[in-house]
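This briefing is meant to be read with the structure open beside it, moving from one topic to the next. Please find each named element in the view before going on to the next point.

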Amino acid sequence: MEAPQLAIRLRGVHKRFGEITAVDGLDLDVPEGTCVGLLGPNGAGKSTTMKMLTALAMADAGEIEVLGFKVPEDSKQARALCGVVPQLDNLDVELTARQNLAVFARLYRVPAAERRAAVDGALEIANLVERADTRVDKLSGGMRRRLLIARGLVHRPRLLLLDEPTVGLDPQVRQELWALIDALRTEGTTILMSTHYIEEAERLADTVSIMANGRVVARGRPAELVREHAGVETLEVYGPPARLVEVREEAEAAGYRVRQTGTAVAILGAEAGNGRLPEGVRRAASLEDVFVLLTGEEVE
Amino acid sequence: MTTTTAGRLRRRLHRLEPAAITGVMSRDVTNFMTYWKATTFSSVLDPTIYLVAFGLGLGTIVAAVEGMEYVVFVGTGMVGTAILFSSAFGAMYGVFIKHRFQRTYDAILAAPVDTEELVTAEVAWLGLRAGVYGCAPLLVTMIFGLDPSWGMLLVPFIGAITAFGFAGFGVFAAAAVSKIDHFNYIQSALLTPLFLVSGTFFPIDELPQAAQIASNFNPLYHCVELVRHAVFGLESIDLFHISVLLVFAFGMWRLAIWRLEKRLIE
């Protein structure tokens, strides 16, 4: 079988900002036609990575290829074929939804004769046909976010870069956006999505790359990652803090991997130790277990 | 989702592509349509108020300057003021807000547009806008008794070239400052003196010689001279004036690109 074409290929990418190393030897592959989730805590280097893909940040070392074009040398060619949905809403608020899309259809070089259809198509994808002539500052938060995604799709890109697509949104709006992104994925759009929401990566991504301290520490399908790093079952033991310290020490002494979940101690791989473990609530191991295990319990 | 659009762009993209520049300008124009009434209102009312005040006030004390009525002298000079403020402030505040508050430039640079094209488009748009609106004082002065002349048709072009330079300066300033409040320093220490010693309100040759020599480094002075000469008759020295303005515009354009790129690309 032929190896799949890579939409994004990063090898040994480094980026420093003064004393701080934001990206530290990053390797990343995004095969065409897949949705890859870049999962990591704040400060893991996700945003810097996204910026380097569009040459808004320059790598200090390493190779970056986007859709076969070298970045930053041929970034302009690559950008013409990419759609970018930024983390922060930067729509023109005094313009209507349609006007926002029309400007970007031009910027993305959609030929004049096709622009109207391109804008209509993007409005349809984002389910904003009825609000096409509404000014952006009169749209709801969810509609604005959908419009932001539509703006990234107006030229029918081969690759979509989504930077924290649902950060800071209501659960209802998040569901709505997930449905939209899932529909794009099903159509075959290649997507790289950075997120620090585990559920988002679990639901939308074909494969997940977990980032910590500027590099990928694990990659694979969400279910495989869970099995490989966290086992099948997790046992959560509740109790007063002193008891939790005890439970943790005992479990670690018995060779279990353990993590704190705020109010409980979670013992990973609990399926192996029937009988010898304390009383607690058993649940299926989750991607969150893997995430915390690999990226650390402490938040920087 | 590959379609013909993506296919067509397999051609090699170059520097300073007209499509990128007009694309960025189309954003400016679309936004301008939402606030042009306010701009037009102040562009017409401001010189009217100035000319009424100067005509009724100073005009009674100063009868004529350089052989023209004082109100006409100030009115033609105010073309330069209008151009300076429209382009320099438009660029300073506009670019700062779009870059740091609205994050518009992140979106534009994610498209196949470079900083060089972005700056060129912003400067070109502000230049064209200032070239047109710079004529407002001239039209108002005609109500106060200025006779029309063919040379006036050159004024929008002189205005646009001057405005390219000051817009470039404004982009540079917006990229250089760390806080929007720092524009106060630029306004008070640089722009206000430039406009007061440009020959708008009084002729430069009344000043000490050192100030006269210094005013040659003031682009606005060259603009004011050119505008008056365009209205009343061009002279050979105008080749010098236009050359200074062209050098100024080119220099500021490159400086703005260099500084904004440093600011935008990490």
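In this predicted model, helix H7 (residues 115-133) of chain B and helix H13 (residues 238-264) of chain B have axes that come within 9 Å and cross at roughly 130°. The crossing in which H7(B) passes H13(B) is right-handed.

**Where H7(B) and H13(B) touch**

- On the side of H7(B), the contact is made by B:Thr115, B:Glu116, B:Val119 and B:Val123.
- On the side of H13(B), the residues that make the contact are B:Trp253, B:Ala256, B:Ile257, B:Leu260, B:Glu261 and B:Leu264.
- Sorted by class, the contact of H7(B) with H13(B) consists of seven nonpolar residues, one polar residue and two charged residues.

- Helix H5 (residues 70-101) of chain B and helix H8 (residues 136-143) of chain B have axes that come within 8 Å and cross at roughly 165°, which makes H5(B) roughly antiparallel to H8(B).
- The crossing in which H5(B) passes H8(B) is right-handed.
- H5(B) brings B:Val72, B:Gly75, B:Thr76, B:Met78, B:Val79 and B:Ala82 to the contact, while H8(B) brings B:Ala136, B:Pro137, B:Leu138, B:Val140 and B:Thr141.
- When the residues of the contact of H5(B) with H8(B) are divided by class, eight are nonpolar, three are polar and none is charged.

**Chain B as a whole**

- Chain B contains 13 helices and two strands, and its C-alpha trace spans about 70 × 35 × 35 Å along its principal axes.
- For a compact globule with 266 residues, the radius of gyration would be near 18 Å, and the 20 Å of chain B agrees with this.

**Where chain B touches chain A**

- The contact between the chains takes 28 residues from chain B and 33 residues from chain A.
- On the side of chain B that touches chain A, the elements that give two or more residues are helix H1 (4-8), helix H2 (18-32) and helix H6 (104-110) of chain B.
- By class, that side of chain B has 13 nonpolar, 10 polar and five charged residues.

**An open sheet in chain A, with strands E2, E1, E4 and E5**

- Strands of a sheet pair through backbone hydrogen bonds, and this pairing can be either parallel or antiparallel.
- In chain A, four strands form an open sheet in the order E2-E1-E4-E5, and their pairing is antiparallel.
- Strand E2 (20-31) and strand E5 (69-71) of chain A are the edge strands, each of which pairs on one side only, and the twist from one strand to the next averages 25°.
- Strand E1 (residues 6-17) of chain A is joined to E4(A) by five bridges, and the two strands run antiparallel; A:Arg11 has A:Glu63 in E4(A) as its bridge partner.
- Strand E4 (residues 61-66) of chain A pairs with E5(A) in the antiparallel sense over three bridges, and A:Glu65 stands opposite A:Lys70 in E5(A).
- Two residues lie between the strands in the hairpin of E4(A) and E5(A), where A:Leu67 takes a positive phi near 50°.

- Four strands of chain A form an open sheet in the order E12-E13-E11-E14, with antiparallel pairing.
- The edge strands, each pairing on one side only, are strand E12 (258-260) and strand E14 (281-284) of chain A, and the average twist from one strand to the next is 25°.
- Strand E13 (residues 264-268) of chain A is joined to E12(A) by three bridges, and the two strands run antiparallel; A:Val258 stands opposite A:Ile267 in E13(A).
- Helix H10 (residues 287-295) of chain A packs on the sheet, where the helix touches strand E11 (233-238), E12 and E13 of chain A, and the direction of the helix makes about 95° with that of E12(A).

Notes
Residues are numbered from 1 along each chain as its sequence is written. Chains are lettered from A and ligands numbered from 1 in the order in which they are written. This is a predicted model: local features need pLDDT of at least 70, side-chain atom pairs count only at pLDDT 80 or more; totals for chains, interfaces and linings use all residues. Two strands pair if DSSP finds at least two bridges between them. Axes are lines fitted to C-alpha atoms, for helices over the stretch in contact, and angles run from 0 to 180 degrees between N-to-C directions. Two residues are in contact if their C-beta atoms, placed from the backbone, lie within 7 Å. A crossing is left-handed if the near helix is turned anticlockwise from the far one by less than a right angle, and right-handed if clockwise. Ala, Val, Leu, Ile, Met, Phe, Trp, Tyr, Cys and Pro count as nonpolar, Asp, Glu, Lys and Arg as charged, and the others, Gly among them, as polar. The radius of gyration is taken over C-alpha atoms; the globule rule is 2.2 Å times the number of residues to the power 0.38. Angles under 35 degrees count as roughly parallel, over 145 as roughly antiparallel, 65 to 115 as roughly perpendicular and the rest as oblique.
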